[in-house]
Amino acid sequence: MAKAADYRDTAEAAVSWVLGQVCGDDGPWFPDRVPSDGSAPEPQLADDRDSLYQGVGAFALLFAETRLTRPLTAQEEDLVEAVRRRLVEHAPEHTDPSLYFGLAGDMTALRLLGSPDDVEVPLSLLAARVTPAGWSAPLTAGGEPVPATDVVLGSAGITMAARWAGGADSPAVVAAGGQAMLDAADERPTGLDWPMQVGVPRSERARMPNYSHGTAGVAAALAVAAEHLGRADLRDAAVRGAEHLVALADLADDGFLLPTMDPHTNPDVEHVTYTWCHGPAGTSYLFPALQLAGVHRVAGVAVQEWWERCLTSIMTSGVPKRLRPGFWDNDGRCCGTAGVGDVFLDAAQRVAAAGAGAAAERAYLGFAGQLGDALLERVVRDDDGARWRFVEHRNEEPLLDPSPGWMQGAMGIAAFLFRLARVLDDGMDAPVVDRPDSWWAVPERLRTSGVS
């Protein structure tokens, strides 16, 4: 494992590169990709410009992490204010309600930017715009908005964000989201299952059972809502979702591994992966959410064991090595190394706080260090700073242009490296920037947002 200073230095270089991509016309924005040949980047899509996923809203996530390492510079403080003004001004215009592309993301960013009063506007808009089926989101560019259930675009993410942010309308939004997810459930012989898009029969589309777009994320949101509202029906639905996933999972070698699709109908998609979005890294968050709701066993097995099995699958998978074309070609937060790294820092701090054993603590922290080392090995660094080029092995030029963004770029990676350095320096009591889709997985006394 590298030294904390090496991780921190690379994170600082990444922040420097990201700041160099910010454009100031009509409020701050940055391109989705920065051409490596030096040509001018294309303007970002309007729908992505302010988002947490790939837009300037993510500066709230990055700077919340940076502040735990050092004070922000004058340039960074100016950017904080510019992003805040941009979101306050444009949030009422956003038709997308979601956590990663819309109003719930605006709410998250404004809270992290230190603007609690500004949170009430997007929260009240979410309360006003809900329908019995949840919130309609544009699932494809230019497509007709439809209700969705998932973490990234639908009711699960919105429910999580409302619970995390708090505010006068929070209970109403959590209740509406919980009921919409409950109503969208499909009964299976093995439990409950959810489509990403409300109203699509199982026979017409394969489903993605893991965290970002599937049953694992929906069940986690139901558990969070159940704890907040004291509703046994939401808790029971979360348990039945988990039971379905247990029945679907590959449990060999003490692991827990769900397919990326069920049934698997796309030959271009790996049958299994290990990521936040479609693998056991993200799906592991379901089990602490169930514990939060007072659930201790699923399918006759302790919830804690299912959580540990998810982590075992990752640690024995070969990640972060690029074992073959198409295996671990992404180092970002959504689909690759940085996102898995944060899961393992959560795990290390969680077991340390519970006194669950020094061996597990060392193993989880050590694996996070392996992931951090891979990021140091793959970084592209020059006088402009640091960034990462992911791989698309099917392209004639497999190295993709770097991105500044959170889920697929340098901001998300930098935040993980800052946190890894801080945990190495300060120990397992290092504070955590908890976020709407994972706050319950870290000890309450370490959460910087104040959610409890």
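1. Helices here are DSSP runs of H or I with at least four residues, and strands are DSSP runs of E with at least two, both numbered from the N terminus. With that in hand, one can say that just after helix α4, G114 takes a positive phi of about 85°. The model is predicted, so that local features need pLDDT of at least 70 and side-chain atom pairs count only at pLDDT 80 or more, while totals for chains, interfaces and linings use all residues. Residues are numbered from 1 along each chain as its sequence is written, and side-chain values use heavy atoms, with hydrogens and water left out.

2. Is helix α4 (residues 103-112) largely enclosed or largely open? Nine of its ten residues are buried, so α4 is largely enclosed by the rest of the structure; buried means under 20% relative accessible area, exposed means over 50%, and partly exposed lies in between, using a 1.4 Å probe and protein chains only. The buried residues are L103, A104, G105, D106, M107, T108, A109, L110 and L112. They pack against α2 (59-66), α3 (74-90), α5 (116-129) and α6, where contact means heavy atoms within 4.5 Å.

3. The contact is made by A104, M107, T108, R111 and L112 of α4 and by I158, A161, A162, W164 and A165 of α6.

4. Helix α6 (residues 155-165) also packs with helix α7 (residues 170-184), at an angle of about 155° and with their axes 8 Å apart. That angle makes α6 roughly antiparallel to α7. On the side of α6 the contact involves S155, A156, I158, T159, A162 and R163, and on the side of α7 it involves S170, V173, V174, G177, G178, A180 and M181.

5. The loop between α3 and α4 contains A91, which counts as buried because its relative accessibility is 1%. Although A91 and L103 are twelve residues apart along the chain, their C-alpha atoms are separated by 6.4 Å. Leaving out residues up to four places away in sequence, A91 touches L103, D106 and L125.

6. The largest nonpolar core has 140 residues, of which F59, W276, L290 and W440 touch the most other members; a nonpolar core is a set of buried Ala, Val, Leu, Ile, Met, Phe, Trp, Tyr and Cys residues joined through side-chain atoms within 4.5 Å. Helix α15 (residues 410-426) gives the largest share of this core, namely eleven residues. Setting aside neighbours within four places in sequence, W440 is in contact with M160, Y211, A220, V224, Y285, P288, A289, L292, R350 and R447.

7. How many disulfides are there? The count comes to zero, with a disulfide taken as a pair of cysteine sulfur atoms within 2.5 Å. C335 is in no disulfide, and the nearest cysteine sulfur, that of C334, is 3.3 Å away. C335 is partly exposed, with a relative accessible area of 24%.

8. The peptide bond from D262 to P263 is cis, with omega near -5°, and P263 is placed in the loop between α9 (232-248) and α10 (280-283). The bond from V319 to P320 is also cis, with omega near 10°, and P320 is found in the loop between α12 and α13 (337-354).

9. D254 is in the loop between α9 and α10 and is exposed, with a relative accessible area of 52%. A299 lies in the loop between β5 (297-298) and β6 (301-302), and it is partly exposed at 48%.

Technical notes
Axes are lines fitted to C-alpha atoms, for helices over the stretch in contact, and angles run from 0 to 180 degrees between N-to-C directions. Angles under 35 degrees count as roughly parallel, over 145 as roughly antiparallel, 65 to 115 as roughly perpendicular and the rest as oblique.
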